[in-house]
Amino acid sequence: MRSLMAVMSIDEERITLAHGHGGLASHRLIREAFLSAFSTPELERLDDAAVLRLPYDRISFSTDSFVVQPIFFPGGDIGKLAIAGTVNDVAVMGARPLVISVAFIIEEGFLISDLAKIIRSMADECRRAKVRIVTGDTKVVPRGAADGIFINTTGIGARRKDVELSGSFAKPGQSVILTGPAGDHGAAIVCARNDLGIQGDVLSDCRSMADLIEQLLDALGNRVSVMRDPTRGGVATALNEIARASRVGIEIDETSVPIRPSTLAVSEILGFDPLYLANEGAILIFLDNSGVDKALEICHSHPGGQMAAKIGEVKEDLGGKVILKTAAGGRRIMDMLSGEMLPRIC
Ligand code: MG
């Protein structure tokens with residue numbers, strides 16, 4: 001990609017309202033910033049819509065908006081998150097992500113150098129996830145009408161024929177695997193917010209997981225019935241959603257949940273439970289017991305899955321509840337997140 005800073009003239013240090021008005025400045029921004037980074041045939045045509053030929057009878061289709069604060073954080077930024085988040089939502093439905101749309105809402109005065117960094121990071125993540133951006137939009141709003149930059153992405157993926165995944169398909173007797181340590185994204189965002197005055201070495205786990213998901217489904221097929229990325233509300237909230245949708249109980253063994261010591265330390269200082277802190281690169285998998293060893297072997301050989309572990313089992317009799325067997329030997333209900341623990345986490 002050409003350097004954005006090299007091609008934009010120096011008087012254009014910041015985004016102005018003109019960059020969103022559809023005239024010359026908009027065209028320059030689109031050509032010099034977006035098209036040079038996201039060079040796909042569909043985008044380069046600059047038509048009103050991308051024309052796609054998708055020879056699949058079933059697709060997964062997901063949209064998400066990203067308002068994370070701060071926009072740059074250890075382990076990622078709003079651009080990487082906007083691609084990985086949507087890729088992961090499409091992939092956990094048993095689909096191979098193919099194409100993405102991107103819409104930016106940018107506040108007047110936003111630094112063009114920051115926009116360049118975000119765009120580069122989005123292009124890199126698209127390459128890693130093997131998806132292409134085929135359509136997009138940019139709006140600029142006056143100072144104060146937005147906070148820096150907001151990004152919406154929508155993704156389409158080709159559904160596999162050999163699996164049928166849904167949060168409502170958990171079955172009693174199945175095992176629950178978590179592919180990465182709980183809460184790393186939430187803990188990284190907390191650390192990155194200066195106003196808390198906390199310094200930590202926690203990195204967000206933000207990454208596309210489509211490749212690992214594809215390997216797992218290739219090996220295990222319909223022995224997997226649920227995959228979900230535990231984002232807002234963390235592992236605890238995602239498990240509750242699945243328990244309710246599937247009308248089953250889920251029993252989690254606290255000592256087997258992978259958690260990084262640094263995430264645990266940040267959580268303890270601030271009084272957060274890491275099981276309620278967001279992940280952006282970990283997947284909960286519900287699968288038949290016969291597939292557990294193979295699934296863990298595949299996870300452990302993937303850079304994002306080295307701490308993968310079986311964390312619990314699905315029970316017939318807990319009536320939509322999630323029960324945590326604690327390290328101390330007790331049992332307690334682990335409910336959904338109530339209220340908003342951390343606004344603008346993603
Ligand atoms: Mg999701």
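**Close-up views of cysteines and aromatic rings**

**View 1. Cys-346 and its closest cysteine sulfur.** The sulfur of Cys-346 has the sulfur of Cys-206 as its closest cysteine partner, and because the two are 10 Å apart they are too far from each other for a bond. This and the following views show a predicted model, in which Cys-346 is buried with a relative accessible area of 10%.

View 2. Cys-206 is buried, its relative accessible area being 2%. A disulfide is a covalent bond that joins the sulfur atoms of two cysteines, and the structure holds zero of them.

**View 3. The stacked rings of Phe-34 and Phe-38.** Two aromatic pairs are found when the whole structure is searched. In the pair formed by Phe-34 and Phe-38, the ring centres lie 6.3 Å apart and the planes meet at 25°, so the pair is stacked, given that planes under 30 degrees apart count as stacked. Phe-34 is buried, with a relative accessible area of 6%, and Phe-38 is likewise buried, with a relative accessible area of 6%.

**View 4. Lys-117 and the ring of Phe-72.** Here a lysine is shown with an aromatic ring: Lys-117 lies over the face of Phe-72, at a distance of 4.5 Å from the ring centre.

Definitions and conventions: Residues are numbered from 1 along each chain as its sequence is written. This is a predicted model: local features need pLDDT of at least 70, side-chain atom pairs count only at pLDDT 80 or more; totals for chains, interfaces and linings use all residues. Side-chain values use heavy atoms; hydrogens and water are left out. Rings of Phe, Tyr and Trp (its six-membered ring) pair if their centres lie within 6.5 Å; planes under 30 degrees apart count as stacked, over 60 as edge-to-face and the rest as tilted. Buried means under 20% relative accessible area, exposed over 50%, partly exposed in between (1.4 Å probe, protein chains only). A charge sits over a ring if NZ of Lys or CZ of Arg is within 6 Å of the ring centre and within 35 degrees of the ring normal. A disulfide is a pair of cysteine sulfur atoms within 2.5 Å.
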